[in-house]
Amino acid sequence: MKITLKIWRQKNNSSKGRFVEYSVDNVNGHMSFLEMLDVLNENLIHKGEDPVAFTHDCREGICGSCGIVINGRPHGPDTAVATCQLHMRNFKDGDVILVEPWRARAFPVIKDLAVDRSAFDRILQAGGYVSVDTGSAPEANAILVPKEKAEEAFLAAACIGCGACVAACKNASAMLFVSAKISHLALLPQGDPERRERALKMVKAMDEEGFGPCTNTGACEAECPKEISVAHIARLNREYLMATFT
Amino acid sequence: MLDAKIPEGKLEHKWNNYLFRVHLVSPANKRKYQIIVVGSGLAGASAAASLGELGYQVTLLTYHDSPRRAHSIAAQGGINAAKNYHNDGDSVFRLFYDTIKGGDYRAREANVYRLAQVSSHIIDQAVAQGVPFAREYGGHLDNRSFGGAQVARTFYAKGQTGQQLLLGSYGALNRQIHAGNVKLYTRHDMLDVVVADGQARGVIARDLVTGEIRRFSGHAVVLATGGYGNVYYLSTNAKLSNATAIWRAYRKGAFFANPAFTQIHPTCIPQSGDYQSKLTLMSESLRNDGRVWVPKTKETAEKLRKHQINPQDVTEEERDYYLERRYPSFGNLVPRDVASRAAKERCDAGFGVAPTGLGVYLDFKESIERHGKETIEARYGNLFQMYEKITSHNPYQRPMTIYPAVHYTMGGLWIDYNLMTTIPGLYAIGEANFSDHGANRLGASALMQGLADGYFILPVTIGDYLSEHRGDDLTTDRPEFETAESEMRETIDHLLGRNGKKTPDQFHRELGEIMWHSVGMSRNAEGLNHAIEEIRKLRAEFETNLKTVGKAEEYNETLEKAMRVRDFLELGELMAKDALLREESCGGHFREEFQTEDGEARRDDEHFTYVSAWEHSPQGPVLHKEHLTFEKVTPTQRSYK
């Protein structure tokens, strides 16, 4: 296949960006999208040009490093995959593909397609954990968790922190990300003692980072590579309300 | 002379004896000590969090944009612990024994026993943090069995155990960052260790966004920077995983142990083309329910390779379940090294099934019939989905095609019982050290070791060192920092100024080819000598023909890669040298000259019951030996038949 790419190039956070057109020949359907970008970058280096910056690492959809808006969709046209798991068989010969970074005020562009998502870390630092020192844990089977609850908590905990939910949302809201952590811990007995405080602290941190409000469009769930459900947002709202009333 | 500083007493009592006699830092004094932790995977995050909880001041460096991205996140199958929840005869001693045996008697007994002792606490800790492990209907924790063990001691969270454990440690870390005990520096790539007065006193790191070279000082430095599997270019490691931190430490005087001990994992998705950037693992847990086979005849294999028939069409009589045939008592659950070599043997003999001839089947048909699709989906759903996304084949209907790939490195920085390297004050934990896995690691033991080191061992042992070194004022104004920094600047200028024709990736791929073919799943003296020559040529070419772009003082991934490849090239040569020295086959190190009549690894305990620990010198690596003594187990020929 031959593919034309229109890629957002931006030297750094303080410079202006623009789309630059590139073409890549001999694209094979078994290639991942990132492998196709690797090929482009090798070509660029050979020509003495600056390769396209994008974040990536595990390339199996679990580290959450990668994240590119492809033809307007975070992580591209396939469902339930991160960009690294998107294969070129989803495209056809002659396609023109628009390639952009996550766009959100809380995720400033560092270079090209790489953005700063440290806002997510700061939200979790505010309270997205169970406060237990190393060594003070009781015997593991002393804490019983019904199978269904454990599985529900697992589904929420499967979030990879990639930020696609924010990129997909017209308000750049981080509600799906925050609610996944709230849900994961609220569903488990271990998370119960701090659940109110956690909801208050994390929501406050989220607001301070400049994420927008949730208007229930469901775009986040549709683009989430781990198919995290918007039902968690409802739980977050309940947790938050309960916390503010007491 | 290498002194592993193993405590006195019987094996079962060593750790307790140690805990009693260890020097402690008083709670009021802990805040006077600054500890640098490099890496934020299971080992680094758990260590930084636990040290912060104790009251130490911790600086944590990671090249990722968030600590949660570290490669521990990708571990799939599970974590072992000697809980004996299944009443199937497990015990601390059995976990210890299985690990020593699985490692083919090339690990240190005292360390492994301690690992088995603390294993249970790791599960307690993770559960208390809210790690959503799989559960039984009664709400108790579920277990599964894993390769190399006959008991079910593996705790898991679907095929995402590493992710869930890392998020647990990351949560504990976040709590300490919030409390101000840990200061986090993301997108900072450690480039060198600073040694002054014979002690580790800090590191040099590059800010990957601005390109700024920065100095960090500490009373101790902990490297939790993972393994070096990416020396092979293609491996199941994450793309950025690299050896620079441990290699720089080696260059500064830390001994490098057993570099030749690498693990080739049997169940990975085969390579599909030259553009391939990495290989994807399919968890070993799949071998619990999947049966490995190739056809009995070469004709059938040929038809399968050409897609003339489908594997589902091959009748039971035509299939060779070669692991079950060769190893009736362990069957599909033999350790990784055994399973990998058996796959290579069948493919080399012409029975391979992928288009390249390098592939075998992992078939779930029988398990789906026995347990139902729902059960299999609950166990491995995300792995099946991952497989289908990559290959476009549905493993519920058609067996997976798999082939071995580089996965883990048992070698690493040599450490004593305190987890300290030969540089005082420099520690190595997790995969970065030469570890407790001997010549072969058992499945679900990497997570256990990383967390044992980080949560329970290092936080105690580091106090023993710090208590004897006053928390004096730290400064980065020492000449040693100056020298280390200017050397780094020179290196960078040199790499950026070569203007040759080959990119860092091209050099890396070429190195990977050499390593895979000659220092891979099976090795021989001729191939190893050839590899050393080839690597030297490649290193010489790297000096003159490297192509880079961009500047030092900016975001520059080409430069990052060039620095990593430079270190991989040097390390590759040491790996080949170590493999050449070890004239025996043990665990993942298989020397063709040393095998039994039926093709199994033949150890030579008389001459090689030692850890090879290499010291850097300008004249070339110098070998030191740590002789291993076995108090509790008697090394025997491993048999899984």
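User: Happy to look at this predicted model with you. Which residue ranges does the domain assignment give for chain A?

Analyst: Good place to begin, and keep in mind that the model is predicted. According to the domain assignment, chain A has two parts, and the range of domain 1 is 3-111. The range of domain 2 is 118-245.

User: How far apart are the C-alpha centres of domain 1 and domain 2 of chain A, and how many residues does each give to the contact?

Analyst: The C-alpha centres of the two domains of chain A are separated by 29 Å. Domain 1 of chain A brings 17 residues to the contact, and domain 2 of chain A brings 19 residues.

User: Now the two chains, please: what area is buried between chain A and chain B, and which residues of chain A lose the most to chain B?

Analyst: Chain A puts 76 residues into this contact and chain B puts in 75 residues. The buried area is about 6,200 Å², and carbon and sulfur atoms give 52% of it. In chain A, the residues that lose the most area to chain B make up 11% of what that side buries, and they are E60(A), T134(A) and F154(A).

User: Is helix α5 of chain A enclosed or open, judging by how many of its residues are buried?

Analyst: The helix covers residues 175-186 of chain A, and its end C-alpha atoms are 15 Å apart, in agreement with the 16 Å that twelve residues should span at 1.5 Å a residue. Its buried residues include M175(A), F177(A), K181(A) and H184(A). Since twelve of the twelve residues of α5(A) are buried, the rest of the structure leaves this helix largely enclosed.

User: Where is R235(A), and is it buried or exposed?

Analyst: R235(A) sits in helix α8 of chain A, which runs over residues 231-245. Its relative accessible area is 14%. The cut-off for buried is under 20%, so R235(A) counts as buried.

User: Which side chains make polar contacts with that of R235(A)?

Analyst: R235(A) touches E152(A), S183(A), A186(A) and L187(A), leaving aside residues up to four places away in sequence. Two of these partners also have side chains in polar contact with the R235(A) side chain: one at 3.0 Å, from E152(A), and one at 2.6 Å, from S183(A).

User: How are the buried residues of α8(A) arranged around its axis, and what do they pack against?

Analyst: The buried residues of α8(A) are H232(A), I233(A), R235(A), L236(A), E239(A) and A243(A). They fall within an arc of 155 degrees when viewed down the helix axis, so they line one face of α8(A). The elements of chain A that they pack against are α3, α5, α6 and α7.

User: Over in chain B, what arc do the buried residues of α14(B) cover, and which exposed residues are on the face turned away?

Analyst: Buried in α14(B) are F481(B), A484(B), E485(B), M488(B), T491(B), I492(B) and L495(B). They cover an arc of only 120 degrees around the axis, which means that they are on the same side of α14(B). These buried residues pack against β6, β7, β8, α16 and α17 of chain B. The face turned away from the buried side carries the exposed residues P479(B), E490(B) and D493(B).

User: Which residue's side chain makes a polar contact with that of S445(B)?

Analyst: S445(B) lies in the loop between β17 and α13 of chain B, and at 0% relative accessibility it counts as buried. Apart from residues up to four places away in sequence, S445(B) touches N80(B) and H437(B). The side-chain polar contact has a length of 3.2 Å, and the partner is N80(B).

User: To finish, is K2(A) buried, exposed or partly exposed?

Analyst: K2(A) is in the segment before β1 of chain A. Its contacts beyond four places in sequence include S23(A), D25(A) and D93(A). With a relative accessibility of 43%, K2(A) counts as partly exposed.

Key: Residues are numbered from 1 along each chain as its sequence is written. Chains are lettered from A and ligands numbered from 1 in the order in which they are written. This is a predicted model: local features need pLDDT of at least 70, side-chain atom pairs count only at pLDDT 80 or more; totals for chains, interfaces and linings use all residues. Side-chain values use heavy atoms; hydrogens and water are left out. Helices (H or I, at least four residues) and strands (E, at least two) are DSSP runs, numbered from the N terminus. The expected span of a helix is 1.5 Å times one less than its number of residues. Buried means under 20% relative accessible area, exposed over 50%, partly exposed in between (1.4 Å probe, protein chains only). A polar contact is a pair of N or O atoms within 3.5 Å; within protein, one must be able to donate a hydrogen and the other to accept it, and residues adjacent in sequence count only if both atoms are side-chain atoms. Contact means heavy atoms within 4.5 Å. The arc is that of the directions from the helix axis to the C-beta atoms. Domain bounds come from an automatic or database domain assignment. Buried area is the accessible area (1.4 Å probe) that two parts lose on being put together, summed over both.
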